[in-house]
Amino acid sequence: SQFTPGKNFVGTGGFGPWLVTPDEAPGIFETGISTRLNGQEVQRARISDLVFGVEELIEYISTFTELVPGDVISTGTPGGVGAARKPPLWLKPGDAVEVEIEGIGILRNPVAAE
């Protein structure tokens, strides 16, 4: 499907200012992740809810792009995506999106016009 490739094109995706490796976050798969749009929670799930395991994801993603040490794989979409909402909820310039992983931190990004 297009969902995983769409999150993993070479040179895309905003991260930081820090990353946490699995050895720095024991028990990460039992951790919660949430997304807020302009301060309102729109998604919440546990990382253990992933349909495919890490090994399966690496195998699949390597079929459409080269993976090298240090790469980050973006995956997973908790319920609550904008296209599935009634009415749909789309990001627009001026919005702010926050993704929080319990015990690790919050990544906040503004939405800008193309």
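Why does L50 count as partly exposed? Its relative accessibility is 31%, and partly exposed spans the range between buried (under 20% relative accessible area) and exposed (over 50%), with a 1.4 Å probe and protein chains only. This is a predicted model, in which local features need pLDDT of at least 70 and side-chain atom pairs pLDDT 80 or more, while totals for chains, interfaces and linings use all residues. Residues are numbered from 1 along each chain as its sequence is written, and side-chain values use heavy atoms, without hydrogens or water.

**View 1. The whole chain holds 2 helices and 4 strands.** Along the sequence, the order is α-β-β-α-β-β. Helices (H or I, at least four residues) and strands (E, at least two) are DSSP runs, numbered from the N terminus. The chain has 114 residues, and 21% of them are buried. Of the contacts (heavy atoms within 4.5 Å) with a separation of 6 or more, 57% join residues 24 or more positions apart. The chain exposes about 8400 Å², by the Shrake-Rupley method with a 1.4 Å probe.

**View 2. Four strands make an open sheet in the order 2-1-3-4.** The pairing is antiparallel; two strands pair if DSSP finds at least two bridges between them. Strands of a sheet pair through backbone hydrogen bonds. Strand 2 (40-46) and strand 4 (105-110) are the edges. Each has a single partner strand, so one side of each lacks a neighbour in the sheet. From one strand to the next, the twist averages 15°, taken between lines fitted to C-alpha atoms, with angles from 0 to 180 degrees between N-to-C directions.

**View 3. Strand 1 (residues 32-37) runs antiparallel to strand 2.** The two strands are joined by 6 bridges.

**View 4. E102 forms salt bridges with R44 and R46.** A salt bridge puts a side-chain nitrogen of Lys or Arg within 4 Å of a carboxyl oxygen of Asp or Glu. The N to O distance is 3.7 Å for E102 and R44. These residues are 58 positions apart: E102 sits in the loop between strand 3 (96-101) and strand 4, R44 in strand 2. For E102 and R46, the N to O distance is 3.9 Å. R46 also lies in strand 2, and the E102–R46 pair links parts of the chain 56 residues apart. E102 counts as partly exposed because its relative accessibility is 38%. R46 is partly exposed as well, at 38%.

**View 5. K92 and D95 meet in a salt bridge.** Their closest N and O atoms are 3.0 Å apart. At 47% relative accessibility, K92 is partly exposed. D95 is buried, at 5%. Elsewhere, salt bridges that share partners join R36, E98, E100 and R108 into one network. The structure holds 7 salt bridges.

**View 6. F29, L50, V54 and I58 make a nonpolar surface patch.** The patch covers about 310 Å². Patch residues have over 30% relative accessible area and no salt bridge; nonpolar side chains (Val, Leu, Ile, Met, Phe, Trp, Tyr) are joined within 5 Å, like charges within 9 Å. L50, the residue of the opening question, lies in the loop between strand 2 and helix 2 (54-61).
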